[in-house]
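Reader: I would like to learn how to read a model like this one. Please show it first.

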Amino acid sequence: MARTSDGMTAGAAPASAAGAAPAGAATPAATHSAEATAGATAAAAAEPVIDFADVHLTYPDGTEALRGVTLSIARGEHVCILGGNGSGKSTLARLMNALLVPTEGRARVVGRDVDGSPERALDIRRRVAMVFQYPDDQMVTSIVADDVAFGPENLGVPTAEIARRVDAALEAVDMTAFAQANLADLSGGQRQRVAIAGALAMEPEVLVLDEPAAMLDARGRHAIQRVLRDLAARGITIVHITHFMDNALDADRVIVLDRGTVALDGTPAEVFAQRDAIERLGLELPFELRLEDALATCDATEAAHEPGVEPAAATPRTPAPANSPAPGPASGSSPALAIALEHVSFSYADEHHPHRRTGLLARLGIRLRRRMPRAADTLRDLTASVPAGSLTALIGRTGSGKSTTAELACALKLPNTGRVLVAGIDSADASRRDELRARVGFVAQLPERQLFAETVFDDVAFGPRNLGLDEEEVARRIAEALDAVGLPAEPGLLDRSPFALSGGQRRAVAIAGVLAMRPGILILDEPMAGLDPQARRRMRALMRDLKARGTTLLTITHDMDDVAELADHVIALDRGAVVAEGSPREVFSVDEQLLPGVPSALAAARRLRAQGMPIAGDPLTLDELVKEVRRVRAH
């Protein structure tokens, strides 16, 4: 149940109403009152907490985001909403928080109509908390604890209760140590945790989350899932929008949207049983179900073969020592390096923040149970390299220094100590910095936030024009770059505003703008974050194609399956230091506690081994795991 601003618990009778008459001495009036109260409570519980009937929503530019959505969500239900980019998921979430009003149809949330009434909208938002897709959209202060306290303070919660809620919320998302940190100093994943904490501190009846784990590592995603399971067990209604199919297995119910309509609705088992529909909608199955299907397919194929013919056994590969070097030329010469970081240290503590001031909690005299320690170095004596022509994955837990390392690699930041060499150029050499940046393309987290031009054509053309190319060559590069990201270089797209496109299309345009400059080195910071399964498949294909053309790629990712499938070199960071470097097999052989996670296939193999199945080696991909399970079964 949710706590209201006057300290009462929503849906509960006042404390004075309980036990007002001695046992066995209830008067008719008291009995009637109790029955009425019970009936009202039952009626409130029976009414859906969210009830949409034939809801349509069209944006001012004419985009019809929702087309006749009818659904209801019961109190205490844990619902997972899936769908491709542009299917209407975020629009649906904003309706649930009364941030939008239906164009047609009826929407009711916590018993109030979503009709544009400011009073009803405010009442809904007091009881429905929302975590937005992009955390920066809901940050309102500069200090972590202040931001988490903002909602309860506006509800009129007593100061001591604010402190308790802030403590509990930060602890739930493992951000207590950063309570007094400046939000500008945090990574995208850390800011995402703060946004979740801010919603938790509201202690809502309904929690709506729009891709809350898009920028979190595997451990962070699992932690959020644990929090959601705990909240659901306490009766909080959970509406969780996600592109991670495995998250849906925790839900009571799964709703799949497609082009603004409800395509599938049922339990996770019922929805994922519709394999053809899942594929048609551009989604994918959770890993465990993909493994089951792959094994079933192999079994069917084997049964069709002549009896006695054994399947080819997977060749176990023994992991190399964690400190062994990455594969290089057989001659013994060192491979050419596209990027080299030599004893690099960097700290945000050395940067001056003129806007930093005493926080809200300090001004209110509120002390949290634990204070943030002095800011540590973001990077500490970091030495690592990116071989030329490689696809190098940079991995690490949220806040381990990955984005800072990427910004150092393209001279957006300079190290406090040590040096960074890019294509042999020292990033500290100001006289050659333009030359360095001309060789490196950088796709930042949420690259769609970098769009600025009035048309798609002008946005993608910005870089090539700055290189001094003629308009014919600019047009040629635009067409090539858009084709590479799966968009047509046609007037219908080129003349549109990039801001009128779907989220996935905006990201594709932003990446095309970098590709149009044809950099020899491409650095991508979480390029898959927030993309649906189909868009992720296109991104993987693009990265493979770029590598095949000779481009060196350094990609930051929290998806260990992508690392296993795509990378030939891996750098693992933990607390600003390199803890492993080498091939994926070498890196994933180190102590798992030092890593942000492991590939799904390796995690499954270790579970099977713990259950007694003699799995050999460390399979990193689904195909490797299927081969190994078949080998074991055959013997």
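Predicted model: local features only at pLDDT ≥ 70, side-chain atom pairs only at ≥ 80, totals over all residues.

Author: We go from the whole chain to single residues.

Reader: What share of the 635 residues is buried?

Author: Buried residues make up 51% of them. The accessible surface of the chain comes to about 28,300 Å². Carbon and sulfur atoms hold 52% of that area.

Reader: What share of the contacts joins residues 24 or more positions apart?

Author: Count contacts with a separation of 6 or more. Residues 24 or more positions apart account for 69% of those in this chain.

Reader: Now confidence. What is the average pLDDT of the chain?

Author: Take the average, then look along the chain. The average is 84, and 82% of the residues score at least 70.

Reader: Which elements have the lowest and the highest mean pLDDT?

Author: Helix 1, residues 28-46, has the lowest mean, 45. Strand 10, residues 261-266, has the highest, 98. Over residues 1-44 the pLDDT is below 50, and this stretch has 23 contacts in the model beyond near neighbours in sequence. Another such stretch is residues 369-376, where pLDDT stays under 50. The model has 14 contacts for residues 369-376 beyond four places in sequence.

Reader: On to helix pairs. At what angle do helix 4 and helix 6 pack?

Author: Read a pair by angle, axis distance, handedness and meeting residues. Helix 4 (residues 144-154) and helix 6 (residues 188-200) pack at about 35°. Their axes are 7 Å apart. The crossing is right-handed. Val-144, Asp-147 and Val-148 of helix 4 meet Val-194, Ala-197 and Gly-198 of helix 6.

Reader: And helix 14 with helix 15: what are the angle and the axis distance?

Author: Helix 14 (residues 456-466) and helix 15 (residues 471-484) pack at about 115°, with axes 9 Å apart. Helix 14 passes helix 15 in a right-handed crossing. On the helix 14 side, the meeting residues are Val-456, Phe-457, Val-460, Ala-461, Pro-464 and Arg-465. Helix 15 brings Glu-471, Val-474, Ile-478 and Leu-482.

Reader: Now single side chains. Is Glu-77 buried or exposed?

Author: Compare relative accessible area with the cut-off. Glu-77 counts as buried because its value is 17%, and buried means under 20%. Glu-77 is found in the loop between strand 2 (64-73) and strand 3 (78-83). A polar atom of its side chain lies 2.9 Å from the backbone nitrogen of Ala-74. Beyond four places in sequence, Glu-77 touches Ser-72, Ile-236, Thr-237, Ile-238, Asp-252 and Arg-253.

Reader: Where is Thr-552, and what does its side chain reach?

Author: Thr-552 lies in strand 18, residues 552-556. Thr-552 is buried, at 4% relative accessible area. A polar atom of its side chain is 2.7 Å from the backbone nitrogen of Gly-389. Contacts of Thr-552 beyond four places in sequence include Ala-338, Val-386, Gly-389, Ser-390 and Ile-521.

Reader: How accessible is Arg-518?

Author: Arg-518 counts as partly exposed because its relative accessibility is 40%. Arg-518 is found in the loop between helix 17 (503-515) and strand 17 (521-525). Its phi is near 50°, a positive value in a residue other than glycine.

Reader: Which residues does Arg-518 contact beyond four places in sequence?

Author: Arg-518 is in contact with Glu-473, Arg-477 and Glu-480. With the side chain of Glu-480, the side chain of Arg-518 makes a polar contact at 3.3 Å. The C-alpha atoms of Arg-518 and Thr-551 are 8.9 Å apart, at 33 residues along the chain.

Technical notes
Residues numbered from 1 in each chain as written. Heavy atoms only, no water. Buried < 20%, exposed > 50% of the residue type's maximum accessible area, 1.4 Å probe, protein only. Contact = heavy atoms within 4.5 Å. Areas by Shrake-Rupley, 256 points an atom, 1.4 Å probe, with all protein chains shown as cover. pLDDT = per-residue confidence, 0-100. Helix = DSSP H or I, 4+ residues; strand = E, 2+ residues; numbered from the N terminus. Polar contact = N/O pair within 3.5 Å; in protein donor to acceptor, adjacent residues only side chain to side chain. Axes fitted to C-alpha atoms, helices over the stretch in contact; angles between N-to-C directions. Left-handed = near helix turned anticlockwise from the far one by under 90°.
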